[in-house]
Amino acid sequence: MHCEELHTKVLQRTYFDSFDWRIYCAGGVIEEEIGTSGVSLRWRNVVPIETFGNISINKKIRFVWDLPVCSLRERLEPILDVRALLPLLCMNCQAHGLIVLNKDKKTVARLSIEENRILGSTKSKSLKLPAILYAESVKGYDTVFKEILQVIDQQLALEVDDQGMVQRAMAAVELQPASYSSNLNLLLSPETHIEVVMRNILLRLLEMMQVNERGIRSNLDSEFLHDFRIAVRRSRTALGQIKGVLPHKIWVRFSRKFEWLGEITGPTRDLDVYLLNFVAYKKSLPLPVRDDLDPFYYFLMKHQTIEHKKLVMHLESARYIKMTAAWLAYLKAPLSERTTLPNAHCSTLDVANSRIWHMVRRVVKEGEAISASSPPGDLHQLRKSCKKLRYLMDFFRSLYPTEEINKLINTLKLLQNKLGQYQDIHIQIASLETYRTQMKSESGAADRTLVAIDIVIQTLEQRQSHVRKMFKSRFAAFAEIKNRVAFRRLFKPKIQKDTLFQ
Amino acid sequence: MKIIACYNIKGGVGKTATAVNLAYLASREGARTLIMDLDPQGAASFYFRVKPKIKGGLKTLMDSKQGLDELIKGTDYADLDLIPADFSFRNMDLFLEDVKKPTRRLRKLLINFDNDYDFVFLDCPPSISLVSENVFQAADILLVPTIPTILSLRTYDQLLKFCKENNLDDLLVLPFFSMVDMRKQLHRMIVEKPPKTLAGLLNTTIPYASDVERMGLNRAALATYAPKCRAALAYELLWDEIKECMS
Ligand SMILES: Nc1ncnc2c1ncn2[C@@H]1O[C@H](COP(=O)(O)OP(=O)(O)OP(=O)(O)O)[C@@H](O)[C@H]1O
Ligand SMILES: [Mg+2]
């Protein structure tokens, strides 16, 4: 048995993940490698150290749809969804490849020694990571591999790296993985005064809005704005559902401000959604006319750019900056011992129970009232109530047994998905009609394109009536007795206090 | 997973050279590739520097409960694995006679790899036997290297007849000319005007070249030591053509 050096390579590696660490949460990171033979991309597991789906590329990959059809794309699609890959770290790597040969000169194991240096760090100190020796077995030569490991262990006395190079590198530049999540993850205790908890919820939501601002401004992907809007909506739900806890003047002022934020972010979000749907729209068309829809894409792009610019101006406006500063200051200001506000000193659990229970009953009532002839507005109203219920359950999740509340959240989710589908299609049809008119008047769009949009609308209408038909059974599944009992058991207030918070 | 068998009733026609070189080319493109050496002579194993030996021999190989996984050896090339031959394979016919569904045994063993490999190459021993019937049942493609001589053409007819009689309609039989020496008048004649009976004949021909013979000395695939030679380029063309047939 002896060892031969095969090559020394100088590589530049950049590691990517989405802003909300989706790939890291799935146990990996995307590694881009630039070497003499070109650029390649692969999935790297954090631990155990393994790579997957290596593919050579010749352009920058931002979104999963930039990748050609391959196993890497297949794995990434459900994880990354619409999020952009953003660079985390860039390193220089010197890799020495070695092979271990037996007496027939057959490769029985592969070794490589990698020396990594982190680039572009602001720290003046050189960020050289400890060198790593990788040993890779060859299938069917396990006994030899054990011997090799023994040699490494006993004669070289190296430490086993159970952390993995990527984590080590992230730690070296103080990058904290999974530091952002769009989940609230609040840990509440049932006896705390609701005024304290409410401030914490609202603070956490403000924080979420603020961490997403940069991504919105640079238009990195559509999800920054989406998360921002969810934080805004959740804040509105908190304000609307938990009353008598903030001073009336504050409550009125900020309820208006949040309404304003909903308005200024709407148009860009709508266009984002249509752009994301565009591929599906195109696919819904018969092959020969698919390309006719392309001008519509440029129309959407143009307007997205315009609306996005407006949105950025709003976010940089004095009005927005003053609002967030004032909101932060209010939420952080110390609370006085005494209060004249009627509900401020209620216990969190009481408020949670009564508000959730109230909303459950509303959802059931609204849902039961819907018949085949109900106008779309009724479904819209129900969807809004479901969202409020969902947000309330998210706020107060930690007060309830995990398994039970998760089960009910999932039940609600299923109903929400159906309603969401219906409502989305409804809105899409309306907006597509508006866009169609707008396109016609703006640029004198070709008839072919208008016809293509019409076909898309027709297909959507068919789907809408299909989804609408499904509503009854979906709602019945939600409102079945088993679920009602579960909702009641978990949330129905022991003492009837719910009139307090109406 | 596609199973490609290199087969001919005749010996010494370039079956092993084809299996080894094509398997290497497939793996070089990143396809997960396995080559299985079914010939007790163990030539393919030899080319990959793997001992032609299996612990327990034929019995271990055919034990459908255990599976073939334990027998796999990684080669010197990434993405290319091998199941070596064993001298006991000379008795494979006798062994198969005694099992249930004797012609479907190999297929049953290989089906387990469906998710592990993109291509499986079978390097087959010459002659027509129960082993070859197993190969026909297992393979998607039967690649038939054929030396352009009268006798070779005759054996090809025998093979087609056999396939017809045994209802092997799903098997794609692809003959191609191998070890072609254009200085020989007969080779020239047959290659330039191939007989109609060679149905499915591929366009690529593999020339007779001493570079190929050197595989035995180098114990490596042709493209690793003479990547630009005529025969190496011919194997690349052959592989492209086969992939086309599969798509
Ligand atoms: N294109 C070629 N040019 C020159 N020599 C070749 C060529 N192809 C194969 N050979 C040589 O011819 C001999 C037989 O080739 P190979 O072993 O590939 O045939 P085979 O059909 O597998 O034989 P067997 O029936 O014994 O298994 C080998 O020595 C090989 O090196
Ligand atoms: Mg052979």
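Start by selecting A:D424 and A:R383: they form a salt bridge, with their closest N and O atoms 3.7 Å apart. A salt bridge here is a side-chain nitrogen of Lys or Arg within 4 Å of a carboxyl oxygen of Asp or Glu. The pair links distant parts of the chain, 41 residues apart: A:D424 sits in helix α12 (residues 402–443) of chain A and A:R383 in helix α11 (residues 376–396) of chain A. Helices (H or I, at least four residues) and strands (E, at least two) are DSSP runs, numbered from the N terminus.

Now colour the two by accessibility. A:D424 is partly exposed at 35% relative accessibility, whereas A:R383 is buried at 17%. Buried means under 20% relative accessible area, exposed over 50%, and partly exposed in between (1.4 Å probe, protein chains only).

A word before we move on: this is a predicted model, in which local features need pLDDT of at least 70 and side-chain atom pairs count only at pLDDT 80 or more, while totals for chains, interfaces and linings use all residues. Residues are numbered from 1 along each chain as its sequence is written, chains are lettered from A and ligands numbered from 1 in the order in which they are written, and side-chain values use heavy atoms, with hydrogens and water left out.

**Next stop: a sheet in chain A**

Select the seven strands of the open sheet, in the order β4-β3-β2-β1-β5-β6-β7, with antiparallel pairing. Two strands pair if DSSP finds at least two bridges between them. At the edges you will find β4 (51–57) and β7 (132–137) of chain A, each pairing on one side only.

Zoom in on β2 (residues 28–35) and β3 (residues 38–45) of chain A, which run antiparallel and are joined by eight bridges. Click on A:V29, and look for its bridge partner in β3(A), which is A:R44. Moving along, β3(A) and β4(A) form a hairpin with five residues between them, and A:S40 has A:S56 in β4(A) as its bridge partner.

Which two side chains meet in a salt bridge of 3.9 Å, N to O? Select A:E31 and A:R13 to see them. A:E31 lies in β2 and A:R13 in β1 (residues 2–17) of chain A, so the pair ties together parts that are 18 residues apart in sequence. Both A:E31 and A:R13 are buried.

**Where the chains meet**

Show both chains. Ten residues of chain A are in contact with 14 residues of chain B, where contact means heavy atoms within 4.5 Å. On the chain A side, A:D104, A:K106 and A:K139 lose the most area to chain B, together 53% of what that side buries. Pick A:K139 and B:D69 to see their side chains meet in a salt bridge (3.3 Å, N to O). The count between chain A and chain B is two salt bridges.

**Last stop: chain B**

Select B:R28 and B:E236, whose side chains meet in a salt bridge (3.4 Å, N to O). B:R28 is in helix α1 (residues 15–28) and B:E236 in helix α12 (residues 230–246) of chain B, 208 residues apart.

Finish at B:D181, in the loop between β7 (172–180) and α8 (185–192) of chain B. Is B:D181 buried or exposed? B:D181 is buried, with a relative accessible area of 12%. Not counting residues up to four places away in sequence, B:D181 touches B:H187 and B:Y208.

Notes. Buried area is the accessible area (1.4 Å probe) that two parts lose on being put together, summed over both.
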